Amino acid sequence: MTGQSQSPHRASNMFRTRLCPPSPYREAAMPDMPPGEAAEEGTAGHAAVPRAYQFGDYSGLSPDLAGAVRKCVGHITPLAAMAECPNYVIFEQLIPVLDSDGNRIIERDVTPDFVVLTESFNIFRDYKFGRLEPQFAAGHDLQQLTYAVAIHAFYGSRRRVQGGRFHPRLFTHDDQSDLVEFEGDDDYWRGLETALKAIVARSKPDAQAVAGTTQCQYCKAAPICPEYQAWIGRAVEHVAACNDVLTPEVMGRALVLCKAVHAADTRADWIEDQARDAIIHGIVIPHPDGGIWMLKNGKPRRSIEDTLAAAQALSAAGMPAEAIISACKLGIGALETAHRAVTGLKGRAAKDALEASLGNLIVVKHDRPSLIRVTDIDLIEE
């Protein structure tokens, strides 16, 4: 067995690698940036599932994230009951991706979220805490295929491995799970190994990039990729977050492009996120037409995070539980509507009465800061 190195290939980018062979190398060359809020929440959710399953501990989680983790626990509990013994219920174990002869297929190990070893077959699940529909089904997900091959070789050669994704926040799914079966003899599993090896073999730093909606949507290297730029029909310079090669001046010009194509290309969000982080860290980004880019506070938005306390407060003020429950499904705007219907109040009086009942249970948050151009004249006028 060969040793593990810092190869850019990993289970999570195998599908993108198949569609665009050089993409792992281009992404690896991008500057490191702090994870976004959604990524941090997903990390916290993954870490909480084993703790919640084993000890019933949901501490430190927001009500929304605790609810998602609770759904994951509910999903895996009957699967864990199928294990040969308690030790065969495995959370987040680092395992290599090997072929049937013990050779590495990709050099980075993988970490399936949850594995169950039963008497006749093996099971794994991948939790997805995002709120967006997946780009493709689990049956087409090469991360699932990579996990299955790794589990087949590492935990013992069973004919069958059942994989799947579990989406606790996708309420459009009947059971929020998307399963995929891998089953066959030795030749079948060698065929899967060969398919993964072929994807890695084609993936070279100088391979031809292929732009497209699926592979470019979440690719960190899209802003510096000429194939991507040609695909969206825009001739622009290389753009990306700041490092020795990708300068603030380049980013400043990139933001002009992002503002222009934002409606047609949601991929522009990425460069704007990079620019926000750069400005927060003290990097000055010039505007190509003069002045600099700065951050302007986002619009405030209200929400109720402690729904139980809010329901108790409104119930004490005389609002029926049925009205509270119906509004909580729709958010604070619907809650205001239901409150007016119950109290008969209108306009500002209705809003003041609701806020008086809830007090500090209404949490005001701001959207992420927007990017605006600031010139010397603007600063003098202020």
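This is a chat about the predicted model shown above.

Visitor: Hi! How many helices and strands does the protein have?
Guide: Hello! In this predicted model, the secondary structure comes to 15 helices and 12 strands.

Visitor: And how many of the residues count as buried?
Guide: The protein has 382 residues, and 43% of them count as buried.

Visitor: What about contacts between residues that are apart in sequence?
Guide: Take the contacts between residues at least 6 apart in sequence: 66% of those join residues at least 24 apart.

Visitor: Let's look at sheets. In what order do the strands of the five-strand sheet come?
Guide: The order is S1-S4-S5-S6-S7, in an open sheet with mixed pairing.

Visitor: Which strands stand at the edges of that one?
Guide: Those are S1 (89-91) and S7 (177-183). Each has a single partner strand, so one side of each is left without a neighbour in the sheet.

Visitor: How much are neighbouring strands turned against each other?
Guide: On average by 15°, with direction ignored.

Visitor: How many bridges join S6 to S7?
Guide: There are seven bridges between S6 (residues 160-166) and S7, and the two strands run antiparallel. To find one of them, look for Gly163, whose bridge partner in S7 is Val180.

Visitor: Which helix packs on this sheet?
Guide: Helix H3 does, and it touches S1 and strand S5 (122-127). The direction of H3 makes about 150° with that of S1.

Visitor: Where does H3 meet H4, and at what angle do they cross?
Guide: H3 covers residues 37-55 and H4 covers residues 63-80; their axes come within 9 Å and cross at roughly 50°. That makes H3 oblique to H4. The crossing is right-handed.

Visitor: Which residues make the contact?
Guide: From H3, they include Glu41, Ala44, Ala48 and Tyr53. From H4, they include Asp64, Leu65, Val69 and Ile76. By class, the contact of H3 with H4 has 11 nonpolar, two polar and two charged residues.

Visitor: Another helix pair, please. How do H13 and H14 pack?
Guide: H13 (residues 332-343) and H14 (residues 347-358) pack at an angle of about 105°, and their axes are 10 Å apart. The two helices are therefore roughly perpendicular to each other.

Visitor: Which residues of H13 meet H14?
Guide: Leu335, Glu336, His339 and Arg340 do. On the H14 side they meet Ala350, Lys351, Ala353, Leu354, Ser357 and Leu358. This contact of H13 with H14 has five nonpolar, two polar and three charged residues.

Visitor: Changing topic: how do S2 and S3 pair?
Guide: S2 (residues 95-98) and S3 (residues 104-110) pair in the antiparallel sense, over three bridges. One to look for is Ile95, whose bridge partner in S3 is Val110.

Visitor: What lies between those two strands?
Guide: S2 and S3 form a hairpin with five residues between them. In the turn you'll find Gly102, which has a positive phi of about 85°.

Visitor: Which residue other than glycine has a positive phi?
Guide: Glu92 is one of interest here, with a phi near 50°. For background, most residues other than glycine have a negative phi.

Visitor: Now Val200. Which helix is it in?
Guide: Val200 is in helix H6, residues 186-202.

Visitor: Why does Val200 count as buried?
Guide: Because the relative accessible area of Val200 is 17%, and buried means under 20%.

Visitor: What does Val200 touch?
Guide: Leaving out residues up to four places away in sequence, Val200 touches His9, Met14, Ile105 and Ile106. The C-alpha atoms of Val200 and Thr17 are separated by 7.8 Å, though these residues are 183 residues apart along the chain.

Visitor: One last thing: what is the order of the three-strand sheet?
Guide: That open sheet runs S8-S9-S12, with antiparallel pairing. S8 (285-286) and S12 (370-374) stand at its edges, each with a single partner strand.

Visitor: How many bridges join S9 to S12?
Guide: Five bridges join S9 (residues 292-296) to S12. Among the residues to look for is Trp293, whose bridge partner in S12 is Arg373.

Technical notes: Residues numbered from 1 in each chain as written. Predicted model: local features only at pLDDT ≥ 70, side-chain atom pairs only at ≥ 80, totals over all residues. Heavy atoms only, no water. Helix = DSSP H or I, 4+ residues; strand = E, 2+ residues; numbered from the N terminus. Buried < 20%, exposed > 50% of the residue type's maximum accessible area, 1.4 Å probe, protein only. Contact = heavy atoms within 4.5 Å. Pairing = 2+ DSSP bridges. Axes fitted to C-alpha atoms, helices over the stretch in contact; angles between N-to-C directions. Parallel < 35°, antiparallel > 145°, perpendicular 65-115°, else oblique. Nonpolar A, V, L, I, M, F, W, Y, C, P; charged D, E, K, R; others polar. Left-handed = near helix turned anticlockwise from the far one by under 90°.
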